[in-house]
Structures are given as structure tokens and as C-alpha cells.
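Colleague: I would like to go through this model with you and ask what stands behind the words used for it. Please show it to me.

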Amino acid sequence: MQAVYESLNGKWTNFCRVWPYGDRALVTAGIVVAHELAWIPYNAFLFTLMYSPKAASYFEKWKILPADQKPSERLLKKSIIDMIISHVVIFPVSTWYLVPFLQKRGIYHLGDLPSLKELLRDFAVTALLNDTLFYWAHRFLHSHPWIYKNFHSQHHRFTATIGIASEFASPVESIFANLLPTLVGLWICKSHAVTVCLWLFIRILETVDAHSGYDFPWSPFKLPFLLGPKAHDWHHSHNRGVFGVFKFWDWIMGTDAEFKKDMAAEEEKKKKQ
């Protein structure tokens, strides 16, 4: 294992040495590439299912809501335009200016690669903090009609979810319910740039999966402690409850009770058929 680490670390060191555009450009490029690698292929696949009846028919058994319950063409068009602007302009530019600020505080550094132990530690801390902060920020956005209307209603225009809905949000929600929960753990751990890119890739893939509208049996996020697409689809169609990524806070606070009741009734109905 040590030999593998030393080999990878040597390649990483050489790559950083020959990279001609500076640390800031390298970190920015890594973050943008990680984001797009998680975002584009999965969403392209989901759009194929939406517009190809033949492909959709094969995956229909894993569709959560009926096929005719889908976003309007107008909403999809607006979302796509917003996403193009966000991914081509806003995200790369904001990352470019954010990187120096965070590097001064110990995050996104480009030293030796993190060990497997360090990587897993950072992932564990970041995932737990992300879930806690996301749960409470998300629940706060549903706590009052004025707050919901002004800061969260845009995201809930998708009553039937699709992958691109995951980033269709107001600037306030994007910063306080998405960006900060995603970054706080990395900041506390003073994570390596490679750790940041890997975490971002996983986090984006997870949120696209949660909004996919499909409960794929092979999903890497089909884990016993995650709420998953069924819960988040229910949240969008009912506009309440199941606010987290993990099951923990919803279980502790009882905000999953109605969802569990509906799922139990659905299972009972299936048994009687």
C-alpha cells in the first residue's frame, strides 16, 4: 500500500512541477472538472430517458413517479439556460476568486497527496457536517412562508424531480444551504486539493442521483443510512418533510414520519395486488 501511495505521490509531484499555469489555475481547473464530470454525464443520461421512449421503457420499472408527471418544457428551458450560465461563467469565475481566500486558510493546498487515513477522515467529518448543516438550513427554508417564497420556492418549482433540479436554486439557497454545508468540513480539516475535488465529485453525483426521479438498484448511494431518491422525490411532490441527506436528523426530529407512513402504505398496497 505504501508503495502505491509513493508512486501516486511521485506522479502528482511531477505533474504539479510541470503544470505551467500556477497553483490557482490548477485548483480551479480541478474543481471545475470534478464538478462537470459528476454533473454532465448523469444529466445527459437522464435527459435521454426523458426524450427517448425506447430507453425510458427499459428503465421504467425504476421510475419513482409516473412517466407523465414530468417538468414542463418551459421550466426545463429556463433551468437549462440558468445551468449553462452557472456552469460556464458563474461557477468557474467564483471558484477562481474563492480559491486564494480558502488557500490562505489552509484548504485546497497542493502538498503531498493525503494518505488513505487522512482522506477517509476528511470525508467522514465533511459528510457529517454537510448533512447536519444541510438538514437545518433546508428545514429553515421551509420554516416560514416568507422565507420559503423568497429563497426556496424556485427549487420547488420541480414537483417531479430531474437531475438538473439539484442546482436550480436562488442565490441565497445556493450559498447557505448548498455551498457552505459542502465546504465547512473541508475547511475544518484543511483538506488537500485532491480531497476537495474527490468530495465535490461525490457530493454532486449524490445530489443529482437524489433528484434523478429514479431509484436505480445499482446506485452507489443506495446505502442504508442515506434517504435516497424516493425520499427526496416525496419531499418535492409533497413539499414537506425528509430534509436531510442522511436519515439521522429526520429520524431524530421526526420529520420523516409522514414519508415512512406513505411508504408503508405503498408496500401494503403492493402486497395486496
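Modeller: First a term: helices (H or I, at least four residues) and strands (E, at least two) are DSSP runs, numbered from the N terminus. This is a predicted model, in which local features need pLDDT of at least 70, side-chain atom pairs count only at pLDDT 80 or more, and totals for chains, interfaces and linings use all residues. Residues are numbered from 1 along each chain as its sequence is written, and side-chain values use heavy atoms, with hydrogens and water left out.

Colleague: In which helix is Val-93 found, and why does Val-93 count as partly exposed?

Modeller: Val-93 is found in helix H4. Buried means under 20% relative accessible area, exposed over 50%, and partly exposed in between (1.4 Å probe, protein chains only). Val-93 has 41% relative accessibility, so it counts as partly exposed.

Colleague: What makes Val-93 part of a nonpolar patch on the surface?

Modeller: Patches are made of residues with over 30% relative accessible area and no salt bridge; like charges are joined within 9 Å, nonpolar side chains (Val, Leu, Ile, Met, Phe, Trp, Tyr) within 5 Å. A salt bridge is a side-chain nitrogen of Lys or Arg within 4 Å of a carboxyl oxygen of Asp or Glu. The patch is formed by Ile-80, Ile-81, Ile-84, Ile-85, Val-88, Val-89, Ile-90, Val-93, Trp-96 and Tyr-97. Together they have about 930 Å² of accessible area, by the Shrake-Rupley method with a 1.4 Å probe, where for residues only the protein chains shown count as cover.

Colleague: Why is Leu-49 called buried?

Modeller: The relative accessible area of Leu-49 is 3%, so the word is buried. Leu-49 has its place in helix H2. Not counting residues up to four places away in sequence, Leu-49 touches Ala-55, Ala-56, Phe-59, Tyr-214 and Phe-216; contact means heavy atoms within 4.5 Å.

Colleague: What makes a nonpolar core, and which residues of the largest one touch the most other members?

Modeller: A nonpolar core is a set of buried Ala, Val, Leu, Ile, Met, Phe, Trp, Tyr and Cys residues joined through side-chain atoms within 4.5 Å. The largest has 50 residues, and Ile-31, Tyr-108, Ile-162 and Phe-216 touch the most other members. H2 gives this core its largest share, 12 residues. Leaving aside neighbours within four places in sequence, the contacts of Ile-31 include Phe-91, Tyr-108 and Cys-197.

Colleague: How do you know that the count of disulfides comes to zero?

Modeller: A disulfide is a pair of cysteine sulfur atoms within 2.5 Å. By this rule the count is zero. For Cys-16, the nearest cysteine sulfur is that of Cys-197, 11 Å away, and Cys-16 is in no disulfide. Cys-197 is in no disulfide either. Cys-16 is partly exposed because its relative accessibility is 23%, while Cys-197 is buried because its value is 17%.

Colleague: Why is H9 called largely enclosed?

Modeller: Eight of the 11 residues of H9 are buried, so the rest of the structure largely encloses this helix. Among the buried ones are Gly-228, Trp-234 and His-236. Their cover includes H5, helix H6 (145–152), H8 and helix H11 (257–272).
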